[in-house]
Structure formats: structure tokens, C-alpha cells
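The following note sets out, in numbered points, comments on the model shown below. Please read each point with the structure in view.

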Amino acid sequence: MTNNMPSRRDFLETSTSVAAGLALAGGLNIARSAHAAGGEEIKVALIGCGGRGTGAASQALLTEGPVKLWAMADLSAEKLETSRKNLAAGCEASYDRAQVKGFGDRVDVPPERRFVGFDA
């Protein structure tokens, strides 16, 4: 009795080729139509407000252009608040390699956009 089922290797080769072809074909359309206009604001959300997350948010806010920290989430309300305050007012190089004086109005995270807990 002959097995007409393709092997896992055949399946992976075929599906990878098809996925790559679709990605290339679809990518051309996306590249032409997906862009941010010059005046549009980029809103960033920080998930995980420890040292690495706060440092990453700091680096995002250091970029040129209209970038704002829009939402934050963490398991700990205390860690989230500390991160938010440090990003807004600045801190002595505790969350990034370079000391940053704070981002002030670039940190726009009111209480309704602060999420705490496992469902955050």
C-alpha cells in the first residue's frame, strides 16, 4: 500500500514557498499605501515598566518627530507610576545609559490609559 500523503518536509517546503510568495506580492501593495503623513502623531504603548521597558520607551521618545507615550501596562501599579514619573520628569540614568532630563508633554498617560495586573 502506497502512502499518498506528503512528508512533513514536502509540506514545509511547499507552505514556505507559498507564504513567501504571498508576502512578497502583498508587501508590494502595503509598501505603496501604508505610511504616516508628516503631521501624524505616533502613539507608543509601554508594556512592562521595569528598567528595560522604561529604557526602550525613553529611546522611542528620543526620536525626532511627533512621538508620545500614550499608554502603559505593568503587573505592579508602583512600578508603572515610578516609570511614568521618571519618563516625564527625568531621572539620573537609572533606566537608560544616558541621563535624560525628562520628556514632559511627550508622556501623555492619564489614569484611564494605565493598566495594572495580569490582564493589563
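1. Glutamate 81 and arginine 84 lie 3 residues apart in helix α3, so about one helical turn separates them. An α-helix has 3.6 residues a turn, so residues three or four places apart point the same way. The side chains of glutamate 81 and arginine 84 form a salt bridge with an N to O distance of 2.7 Å. A salt bridge here requires a side-chain nitrogen of Lys or Arg within 4 Å of a carboxyl oxygen of Asp or Glu. Helices (H or I, at least four residues) and strands (E, at least two) are DSSP runs, numbered from the N terminus.

2. The model is a predicted one, in which local features need pLDDT of at least 70 and side-chain atom pairs count only at pLDDT 80 or more, while totals for chains, interfaces and linings use all residues. Residues are numbered from 1 along each chain as its sequence is written, and side-chain values use heavy atoms, with hydrogens and water left out.

3. Which residue forms a salt bridge with glutamate 81 at 3.1 Å? The partner is arginine 114. Arginine 114 belongs to strand β3 (residues 114–116) and glutamate 81 to helix α3, so this pair ties together parts that are 33 residues apart in sequence.

4. Buried means under 20% relative accessible area, exposed over 50%, and partly exposed in between (1.4 Å probe, protein chains only). Glutamate 81 is partly exposed at 23%, and arginine 114 is partly exposed with a value of 23%. Arginine 84, at 18%, counts as buried.

5. The salt bridges number 3 by this rule. One of them joins the side chains of arginine 113 and aspartate 108, N to O 3.6 Å. Arginine 113 is buried, at 17% relative accessible area, whereas aspartate 108 is partly exposed, at 26%.

6. Strands β1 and β2 run parallel and are joined by 6 bridges; two strands pair if DSSP finds at least two bridges between them. Lysine 43 stands opposite lysine 68 in β2. From β1 the chain passes through α2 to β2, a β-α-β crossover that is right-handed. The term right-handed applies if, with the strands pointing away from the viewer, the path from the first strand over the helix to the second runs clockwise.

7. Helix α2 (residues 51–61) has as its buried residues Gly53, Thr54, Gly55, Ala57, Ser58 and Leu61. These pack against β1 (42–47), β2 (67–74) and α3 (77–89).

8. The largest nonpolar core has 12 residues, among them Leu46, Cys49, Ala57, Leu61, Phe103 and Val107. Such a core is a set of buried Ala, Val, Leu, Ile, Met, Phe, Trp, Tyr and Cys residues joined through side-chain atoms within 4.5 Å. At least two residues of this core come from each of α2, β2 and α3, and β2 gives the most, with 3 residues.

9. Not counting residues up to four places away in sequence, valine 107 touches Leu61, Leu69, Arg84, Leu87 and Ala88. Cysteine 49 sits in the loop between β1 and α2 and is buried, at 4% relative accessible area. Leaving aside neighbours within four places in sequence, the contacts of cysteine 49 include Thr54, Met72, Leu80 and Ser83.

Methods:
Contact means heavy atoms within 4.5 Å.
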